[in-house]
Amino acid sequence: MSVKCINADFPEDFILMGFTKYPWLDLPLFFVLLTSYMFTLLGNIAIILVSQLDSQLQSPMYFFLTSLSFLDLCFTTTTVPQMLFNLQGPNKNITYIGCMAQAYVFHWLGCTECVLLGIMALDRYVAVCKPLRYSVIMDHRLCLQLSGAAWLTGLANSLLQSTLTIQLPLCGNRMLDHFFCELPGLIKMSCGDTTVNEVTLAVVATFFIMGPLSMILVSYSYIAQTVFRMPSAAGRLKAFNTCSSHLLVVSLFYGPGIYIYMQPSEDGSQDLIKVLTLFYCVITPMANPFIYTLRNKDVIGALKRLLRKAISTKGI
């Protein structure tokens with residue numbers, strides 16, 4: 001293969017099209033993304049700090065919530081800074097190496113979050129349905145193993161999918177019709193046969209989405225039965241508040257993912273796909289800390305204690 005052919009297949013950079021058809025959106029979208037990113041950083045860092053520093057939040061639930069917050073920080077940081085850079089001026093480029101790295105990491109973190117949300121449902125099942133054995137079953141070692149399994153399975157899938165994708169010929173095509181480098185968009189750029197990539201992506205996406213989602217549905221069916229049998233109204237309300245927060249996060253994350261990854265690549269509006277992608281990679285990580293804290297008296301109490309301690313320390 002000649003050098004010229006290699007350079008055509010693997011360009012130095014890509015042009016991220018985003019919403020270039022609507023240039024008037026650049027400035028308002030820049031400020032929306034910047035504000036969302038600031039709230040994402042503040043909210044998730046606050047969750048991590050309060051879960052680590054408050055002795056009353058040392059249960060498995062908050063271990064997984066801390067893992068989710070750290071994951072969301074990484075997830076949104078993988079894409080948003082590049083989006084902000086491209087929105088603030090005429091330069092819409094991203095280097096080839098940067099694009100490939102972004103695709104690998106974004107897919108890794110997205111798959112990891114799918115599995116982690118399923119594990120969190122399992123944790124809620126044990127907490128509600130087997131409360132007397134909760135601390136014995138969900139010990140720190142098992143929590144570490146489950147969290148590690150989520151990260152490793154996500155990494156393995158990303159290595160498989162992304163490696164298959166970057167081998168596709170591009171024939172000099174540099175125009176990526178998206179805000180960032182995501183596998184479905186990269187597959188559509190190819191000038192070669194993408195059947196294997198599309199089938200592999202659909203099959204593995206089905207496994208990573210429907211597997212944890214099935215675990216979530218089964219867990220919550222048992223949780224619902226247990227909650228309705230609780231004699232205490234306060235106990236039912238506490239269980240409902242905790243579980244409804246997780247279910248809302250699951251809906252926000254899985255809904256767009258199902259539409260984007262579990263349909264044929266030629267179906268669906270590309271503009272709608274872009275909006276849904278923005279939703280689950282920007283809005284959901286921002287919303288998660290607020291969803292988990294607004295109806296959680298333990299976290300609100302811990303935040304108040306942490307603030308009082310910080311103020312008193314500063315006063316001294």
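In which sense, left-handed or right-handed, does helix 4 pass helix 9? To find out, open this predicted model and select helix 4, residues 96-129, together with helix 9, residues 233-261. Helix 4 passes helix 9 in a left-handed crossing, and the two pack at an angle of about 150°, with their axes 11 Å apart.

Next, show the side chains where these two helices meet. On helix 4 the contact includes Phe 106, His 107, Gly 110, Glu 113 and Arg 124, while on helix 9 the contributors include Thr 242, Cys 243, His 246, Phe 253 and Tyr 254. Sorted by class, the contact of helix 4 with helix 9 has 12 nonpolar, 5 polar and 2 charged residues.

Now widen the selection to Phe 75, Phe 106, Phe 180, Phe 253, Tyr 254 and Tyr 280, which form one aromatic cluster.

The count of aromatic pairs comes to 15, and another one to display is that of Phe 30 and Phe 31, whose ring centres are 5.5 Å apart and whose planes stand at 85°, so the pair is edge-to-face. How does the accessibility of Phe 30 class this residue, as buried or exposed? Phe 30 counts as buried because its relative accessibility is 18%, whereas Phe 31, at 46%, counts as partly exposed.

For the last stop, switch to a cartoon view and look for the open sheet of 3 strands, which has the order 2-1-3 and mixed pairing. Its edge strands are strand 2 (93-95) and strand 3 (175-176), each of which pairs on one side only. Select strand 1, residues 13-16, and follow its pairing with strand 3, which runs in the parallel sense over 2 bridges; here Ile 15 stands opposite Met 175 of strand 3.

Finally, bring back the helices around this sheet. Helix 3, residues 60-87, lies across strand 1 and strand 2 and runs at about 135° to strand 2. Helix 4, where the tour began, packs on the sheet as well, touching strand 1, strand 2 and strand 3, with a direction that makes about 80° with that of strand 2.

Conventions
Residues numbered from 1 in each chain as written. Predicted model: local features only at pLDDT ≥ 70, side-chain atom pairs only at ≥ 80, totals over all residues. Heavy atoms only, no water. Axes fitted to C-alpha atoms, helices over the stretch in contact; angles between N-to-C directions. Helix = DSSP H or I, 4+ residues; strand = E, 2+ residues; numbered from the N terminus. Left-handed = near helix turned anticlockwise from the far one by under 90°. Contact = heavy atoms within 4.5 Å. Nonpolar A, V, L, I, M, F, W, Y, C, P; charged D, E, K, R; others polar. Phe/Tyr/Trp six-rings, centres within 6.5 Å; stacked < 30°, edge-to-face > 60°. Buried < 20%, exposed > 50% of the residue type's maximum accessible area, 1.4 Å probe, protein only. Pairing = 2+ DSSP bridges.
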